[in-house]
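Please read the numbered points below alongside the sequence and the 3D view.

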Amino acid sequence: MNEVIALQPILLQQWLEEGKQIQLLDVREQDEWDICHITGSLHIPMNDILKHLDKIDTDTPTVVVC
């Protein structure tokens, strides 16, 4: 079963520090990505998401950054 939760940044930081197996999906526009992004995150702008669904690992919990 898929579950959607709102995640506070402090919890995401904790998960990253613990090495929790997650996929970070950044759906912001390119100019926002260029200013700042989390290293290792997958960047697919929201307007392009349907074209790139094959790049998303559905077996790994995904955190969407927007």
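1. The lining of the largest pocket comprises 14 nonpolar, 4 polar and 3 charged residues. Please bear in mind throughout that the model is predicted.

2. The volume of this largest pocket is about 660 Å³. Its lining is made up of 21 residues, of which Glu3, Ile5, Thr62, Val63 and Val64 lie closest to the centre of the pocket.

3. Which elements supply at least two residues each to this lining? The largest share comes from E3, with 4 residues.

4. Serine 41 is found in the loop between helix H2 (30-35) and strand E2. This serine counts as buried because its relative accessibility is 13%, and the cut-off for buried is under 20%.

5. The surroundings of serine 41 also deserve attention. Its side chain reaches the backbone oxygen of isoleucine 38 at 2.7 Å. With neighbours within four places in sequence left aside, serine 41 is in contact with Leu24, Asp26 and Trp33.

6. Aspartate 59 belongs to the loop between strand E2 (42-43) and strand E3 (62-65). Is this residue buried or exposed? Its relative accessible area is 72%, so aspartate 59 is exposed, the cut-off being over 50%.

7. A further point concerns the position of aspartate 59 relative to isoleucine 22. The two residues are 37 residues apart along the chain, and their C-alpha atoms are separated by 9.7 Å.

Definitions and conventions. Residues numbered from 1 in each chain as written. Predicted model: local features only at pLDDT ≥ 70, side-chain atom pairs only at ≥ 80, totals over all residues. Heavy atoms only, no water. Buried < 20%, exposed > 50% of the residue type's maximum accessible area, 1.4 Å probe, protein only. Polar contact = N/O pair within 3.5 Å; in protein donor to acceptor, adjacent residues only side chain to side chain. Contact = heavy atoms within 4.5 Å. 1 Å grid on protein atoms, 1.4 Å probe; cavity = no way out; pocket = protein on both sides within 12 Å on 5 of 7 lines; lining within 4 Å. Points joined across faces, edges and corners; volume = space filled by probe spheres on them. Nonpolar A, V, L, I, M, F, W, Y, C, P; charged D, E, K, R; others polar.
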